[in-house]
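Q: I would like to learn how to read a few features of a model like this one. Where should I start?

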Amino acid sequence: MGSLSPSINPRLVSQANSYDLVSFRRVFGPVLTGPQARPDMTGACRRSRRRAVYAKKNSNEDFVNCDSEWKSKFKEDFEKRFNIPHISDFFPDAASYPSTFCLSMRTPVNEEFAEGYPSDEEWYGYINNDDRVLLKVIRYSSLSSAGAECIDTDCTWVEQWIHRAGPREKIYFKPENVKAAIVTCGGLCPGLNDVIRQIVITLEIYGVKKIVGIPFGYRGFGKEIDEIPLSRKVVQNVHLSGGSLLGVSRGGPSLDEIVDSMEDRGINMLFVLGGNGTHAGANLIHNECIKRGLKVAVVGVPKTIDNDILLMDKTFGFDTAVEEAQRAINAAYIEAHSAYRGIGIVKLMGRSSGFIAMHASLASGQIDICLIPEVPFELHGSHGVLNHLKYLLETKGSAVICVAEGAGQSFLEKTNAKDASGNVVLGDIGVHIQQEVKKYFKEMGNPTDVKYIDPTYMIRACRANASDGILCTVLGQNAVHGAFAGYSGITVGICNTHYVYLPITEVISYPKIVDQNSRMWHRCLTSTGQPDFL
């Protein structure tokens, strides 16, 4: 097969769910134009006030209000979809052992434990396999409520439970037989080193001696690149700097070559740090290992500075990015405020979602216009951005714009160029807005002083802040707990402040985006005071 990179493109991953739900993906069947389309939540909310919106099965059979047992069937389907894959599902004879992870008894693993490990029955720090976390905690009373996520027109409440993360009392790998590998893919993100460090430390607590890093993403599985031995001594202070100890890259060898390399190296635990595309690749690796009869645990740790992974409160690096963005926004504000008819423009990360731009605008309180990919806008015209800028200069004397990199791509010439991961190369909307602003006011005979700031790579390369440091620590620990518990094809995340395990297939269905009808976007609009630019 060809290179893995196009295979892991999230747009090419088709993971169909049995029910169409507002909360996940395809509740509003008419809203989407295809199986990989992104839902227009605002349009869906408008339509929901005019007609009934039903949960549907893939067979297009109307389910709600025509099947008296729809609720129990919905629950059954949800539990099936969110059941996390386990080694014993594919290897029925897989043996379990008492866990070697116990904080009240740190007995080193040695040859005497070859047939069984000592267990401290007095320690109550283990998670029961039946522990669950509630996925949704808001019970909406109406589809007209801001940000409503309902499964039928009456907003019937159905509890949706997902698996709680943490150490289990039984493990399915003998630590002395484990060779664990860690790989970081995609672009840089604050917190990568923190996660690497915690994975290594937790593996050593379990008793694992063979831990390696795969350099430069999936590319490191090639024969020409050597693995990096890792230990607590190696990673002890790595979290004090940004970047990735292992390096990152996009693209890489084919799926077969990667799994061949894992077989040759004897890797039976793989920890994959990356976003939607990287997780799709991890899921392919998991499936290929099962196909070949390899007892390998593949566990993902969601890494995206854009915070666009489904079902999770946030991903690591996001808080740091929002905090670091304040420096650029404050600089733009000072430049604009200090100049005669000054305008500051800041471009932030966000290919498909505007979470960073939105949160950074809220945090700073200095943004007059926030532009994100999910909300269409016009530059020209009586309701356009430029006309509003004219009003701001007349009333305030200055203005600051925050724009996400994926916003306004329709204004730019498409090149159809793609990076090594198969992502479309975006045009520079920040530069385009800068040029349009200068041209607009020059033609009016009232030139402006425009300052443009793009802090993207400064933000990506910085060290994780305290909030992300804690998140990374717990994610890294729980990734190891999940692997030793025998789970594979899963990712670890935080949901409603609790740490959970989720099937990779559910989180890669499509990128999470800002809902135009959500309270968070409404708060942003209240903060900026901007109108609709249409």
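Q: Which elements do the buried residues of helix 10 pack against?
A: In this predicted model, the buried residues of helix 10 pack against helix 9, strand 10 (342-348), strand 11 (369-371), strand 12 (398-404) and helix 16 (519-528).

Q: How many of the residues of helix 10 are buried, and which?
A: Buried means under 20% relative accessible area. By that cut-off, 7 of the 10 residues in helix 10 (residues 355-364) are buried, and the helix is mostly covered. The buried residues are Phe355, Ile356, Ala357, Met358, Ala360, Ser361 and Ser364. After the helix comes Gly365, with a positive phi near 70°.

Q: Is Glu324 buried or exposed, and what does its side chain contact?
A: Glu324 belongs to helix 9 (residues 318-338). Its relative accessible area is 17%, so Glu324 is buried. Its side chain makes a polar contact of 3.0 Å with the side chain of Arg327. In an α-helix there are 3.6 residues a turn, so residues three or four places apart point the same way. Leaving out residues up to four places away in sequence, Glu324 touches Ile459 and Cys462.

Q: Where is Tyr218, and what lies 2.9 Å from a polar atom of its side chain?
A: Tyr218 sits in the loop between strand 6 (210-214) and strand 7 (228-229). With a relative accessible area of 1%, Tyr218 is buried. A polar atom of the Tyr218 side chain lies 2.9 Å from the backbone oxygen of Thr278. Tyr218 and Thr184 are 34 residues apart along the chain, and their C-alpha atoms are separated by 7.9 Å.

Notes
Residues numbered from 1 in each chain as written. Predicted model: local features only at pLDDT ≥ 70, side-chain atom pairs only at ≥ 80, totals over all residues. Heavy atoms only, no water. Helix = DSSP H or I, 4+ residues; strand = E, 2+ residues; numbered from the N terminus. Buried < 20%, exposed > 50% of the residue type's maximum accessible area, 1.4 Å probe, protein only. Polar contact = N/O pair within 3.5 Å; in protein donor to acceptor, adjacent residues only side chain to side chain. Contact = heavy atoms within 4.5 Å.
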